[in-house]
Amino acid sequence: MHEVSIAQGMLDFAIDYCEKNGHKSIELIKVKIGRAAGVVPDSLQFAFEALKTGTIAEKAVLTIDEIPVSGICNSCGKNFTVDEKFVIVCPLCGSMSFKVETGRELNIVEMEVD
Ligand SMILES: [Zn+2]
């Protein structure tokens, strides 16, 4: 389950940031995760809850924003958004030539610290 190493990486980053800036606790961590990032939000949440125990992030709440997969088609030139985790063909014209623009994000977008 690689969500564990992702959660650990986020925690390490947040804790390191707080230590360098003199903050004593973390209240909230908000992340954006693209549907195509290959991360299961529930698993990430679960891993985070387990890993934060005993750290300055012990009381922190993790909120996860899921970003849908979207792209632009090279054939019809239109933007599209899909419900699936990946795109095989442009949903508008069926072309296999397109560029995925969102859906691979895996970022901390906001932190509340004390
Ligand atoms: Zn198209």
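**Reading the features**

Mentor: By the rule for ring pairs, the count here comes to 1 aromatic pair; rings of Phe, Tyr and Trp (its six-membered ring) pair if their centres lie within 6.5 Å, with planes under 30 degrees apart counted as stacked, over 60 as edge-to-face and the rest as tilted. This is a predicted model, in which local features need pLDDT of at least 70 and side-chain atom pairs count only at pLDDT 80 or more, while totals for chains, interfaces and linings use all residues. Residues are numbered from 1 along each chain as its sequence is written, and side-chain values use heavy atoms, with hydrogens and water left out.

Trainee: What arrangement do the rings of phenylalanine 80 and phenylalanine 98 have?

Mentor: A pair of aromatic rings is described by the distance of the centres and the angle of the planes. The ring centres of phenylalanine 80 and phenylalanine 98 are 6.0 Å apart and the planes stand at 80°, so the pair is edge-to-face. Because phenylalanine 80 lies in strand β4 and phenylalanine 98 in strand β5, the pair ties together parts 18 residues apart in sequence; strands (E, at least two residues) and helices (H or I, at least four) are DSSP runs, numbered from the N terminus.

Trainee: Is phenylalanine 80 buried or exposed?

Mentor: Buried means under 20% relative accessible area, exposed over 50%, and partly exposed in between (1.4 Å probe, protein chains only). Phenylalanine 80 has 4% relative accessibility and therefore counts as buried.

Trainee: Which residues are the protein donors of the zinc ion?

Mentor: Donors are N, O and S atoms within 2.8 Å of the metal (3.2 Å for Na, K and Ca); water is not among the atoms, so sites may look incomplete. Here the SG atoms of Cys73, Cys76, Cys90 and Cys93 lie 2.3 to 2.4 Å from the zinc ion. The spacing of these donor residues in sequence is C-x2-C-x13-C-x2-C. Cysteine 76 lies in the loop between β3 (69-73) and β4 (79-82), and cysteine 93 in the loop between β4 and β5 (98-102), so this pair ties together parts 17 residues apart in sequence.

Trainee: Why is the arrangement around the zinc ion called tetrahedral?

Mentor: Four donors count as tetrahedral if all angles lie between 85 and 135 degrees. The 4 donor atoms subtend angles of 103 to 114°, which makes the arrangement tetrahedral.

Trainee: Where does glutamate 3 lie, and what is its nearest side chain of opposite charge?

Mentor: Glutamate 3 belongs to helix α1 (residues 3-21). Lys and Arg count as positive and Asp and Glu as negative, with His and the chain ends not counted; a salt bridge is a side-chain nitrogen of Lys or Arg within 4 Å of a carboxyl oxygen of Asp or Glu. Glutamate 3 is buried yet has no salt bridge, and the nearest side chain of opposite charge, lysine 85, is 9.5 Å away.

Note on methods: Four donors count as tetrahedral if all angles lie between 85 and 135 degrees; four count as square planar and six as octahedral if opposite donors are over 155 degrees apart and all others between 65 and 115; anything else is irregular.
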